Amino acid sequence: MAQPPVTASTKFDPNFTQNVINAIGPKTSPRAREVLSSLIKHIHDFTRETELSVDEWMMGVQFLNQVGQISDSKRNEGQRISDVIGLESLVDEIAHKHMVESDEIPTSSSILGPFWSPNAPFRELGASIIQDPHKGQVALMHGRVTDLYTKKGIPGAIVDIWQASSNGKYDFQDPDNQSDNNLRGKFKTDKDGNYELICLRPTPYSLPTDGPAGTLLNLLDRHPMRPAHIHLMISQDDYKPVVNQIFPREDPYLTTDSVFAVKDDLIVDFKPLTGHKEATLDLLYNIVLVPAPKDKTPTSHL
């Protein structure tokens, strides 16, 4: 009589993973139990499926150690690793799918990335976020923030913007050339939901490759380049916030973004502008927000 084929599930102790899951204590919250049980199961299944060697396991341990060792208040290598393997973009996709409850589509979200700062100053509508010398093209960015359903402008919405300079670095990466909050700012929409500001046409740049993210990209035979982009966080108390990035249409890295953040409706057009005292490019970018539920149920926590 033929014997059943040997698989990863029959080759190793079939009770081991469940024993580890069963060791979770009774005081663990339901959500933590759900997430961690699934994590343990998938890690164990991955280990059995690939028959991970001791040397490979230790390589992974050392890699995680290096992620922690190189991270500090200005460098979040763990988040960068999540970006490189597409995890943050996947979490964002799940959150965005949960948010959309109708056939009408609000402004798309994208990943936050590691360079947002809570300290960006509020600036007057029409003001520039450019504080320091640069070699880029200056753009007039403007648009309207509206309600998905009523189509009316949303007054008092906060448009929080940040971007790298023309050398591909953000302010706190580049203290020798950039002052604090260079190319950052928060703008409140007017009574009709309009906003306007001066920024740079963004420049493509490389992720830092001197740490574990660079090691991983090299192992995967992938380039470290990000397409040029501007970061945005749009919020108003009565609406669900949107975090995204917008990308110039002509950028050569749109289809191979090293962190998988590009979406079709986040690709924008910079057009020539004449007669403006500062800007030579015009960027129109309208934003559509979804009203927040009136009965806000607290989200679950681990």
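Two strands pair if DSSP finds at least two bridges between them. The strands themselves (E, at least two residues) and the helices (H or I, at least four residues) are DSSP runs, numbered from the N terminus. The model shown is predicted, so local features need pLDDT of at least 70 and side-chain atom pairs count only at pLDDT 80 or more, while totals for chains, interfaces and linings use all residues. Residues are numbered from 1 along each chain as its sequence is written, and side-chain values use heavy atoms, with hydrogens and water left out.

**View 1**
Strand 8 (residues 239–248) pairs with strand 9 in the parallel sense, over two bridges. In general, strands of a sheet pair through backbone hydrogen bonds, either parallel or antiparallel.

**View 1. Ser258 in the loop between strand 8 and strand 9.**
Ser258 belongs to the loop between these two strands. With a relative accessible area of 1%, Ser258 is buried; the term means under 20% relative accessible area, whereas exposed means over 50% and partly exposed lies in between (1.4 Å probe, protein chains only). A polar atom of the Ser258 side chain lies 3.4 Å from the backbone oxygen of Pro224. Leaving aside residues up to four places away in sequence, Ser258 touches Asp83, Val84, Leu207, Arg222, His223, Pro224, Met225 and Arg226. Here, contact means heavy atoms within 4.5 Å.

**View 2. The nonpolar cores.**
A nonpolar core is a set of buried Ala, Val, Leu, Ile, Met, Phe, Trp, Tyr and Cys residues joined through side-chain atoms within 4.5 Å. The largest one contains 47 residues, and Met141, Val145, Ile161, Leu232 and Tyr285 have the most contacts inside it. Leu232 touches Met141, Val159, Asp160, Ile161, Trp162, Val242, Val243, Asn244, Ile246 and Tyr285, again not counting residues up to four places away in sequence. Apart from this core there is a second, separate one of six residues, among them Phe115, Ala164, Tyr205 and Met233. In soluble globular proteins, nonpolar side chains tend to be buried together.

**View 3. The salt bridge between Arg184 and Asp171.**
A salt bridge is a side-chain nitrogen of Lys or Arg within 4 Å of a carboxyl oxygen of Asp or Glu, and the whole structure has 13 of them. In the bridge between Arg184 and Asp171, the closest N and O atoms are 2.9 Å apart. The two residues link distant parts of the chain: Arg184 lies in strand 3 (residues 184–188), and Asp171, 13 residues apart from it, lies in the loop between strand 2 (158–162) and strand 3. Arg184 is buried at a relative accessible area of 2%, and Asp171 is buried at 7%. Leu183 is found in that loop between strand 2 and strand 3. Its phi is positive, near 60 degrees, in a residue other than glycine, and Leu183 is buried at 0% relative accessibility.

Within helix 3 (residues 30–50), Arg31 and Glu34 stand three residues apart, about one turn of the helix. Their side chains meet in a salt bridge of 3.0 Å, N to O. Arg31 is partly exposed, with a relative accessible area of 36%. An α-helix has 3.6 residues a turn, so residues three or four places apart point the same way. Glu51 lies in the loop between helix 3 and helix 4 (54–70). Although not a glycine, Glu51 has a positive phi of about 50 degrees; at 45% relative accessibility, Glu51 counts as partly exposed.

**View 6**
Helix 5 (residues 77–84) has eight residues, six of them buried, so the helix is largely enclosed by the rest of the structure. The buried positions are Glu77, Gln79, Arg80, Ile81, Asp83 and Val84. A network of salt bridges links Glu77 and Arg80 with Arg75 and Asp210. After helix 5 comes Gly86, with a positive phi near 80 degrees.

**View 4. The salt bridge between Asp192 and Lys191.**
The side chains of Asp192 and Lys191 meet at 3.2 Å, N to O. Lys191 is exposed at 68% relative accessibility, whereas Asp192 is partly exposed at 34%.

Note on methods: Polar contact = N/O pair within 3.5 Å; in protein donor to acceptor, adjacent residues only side chain to side chain.
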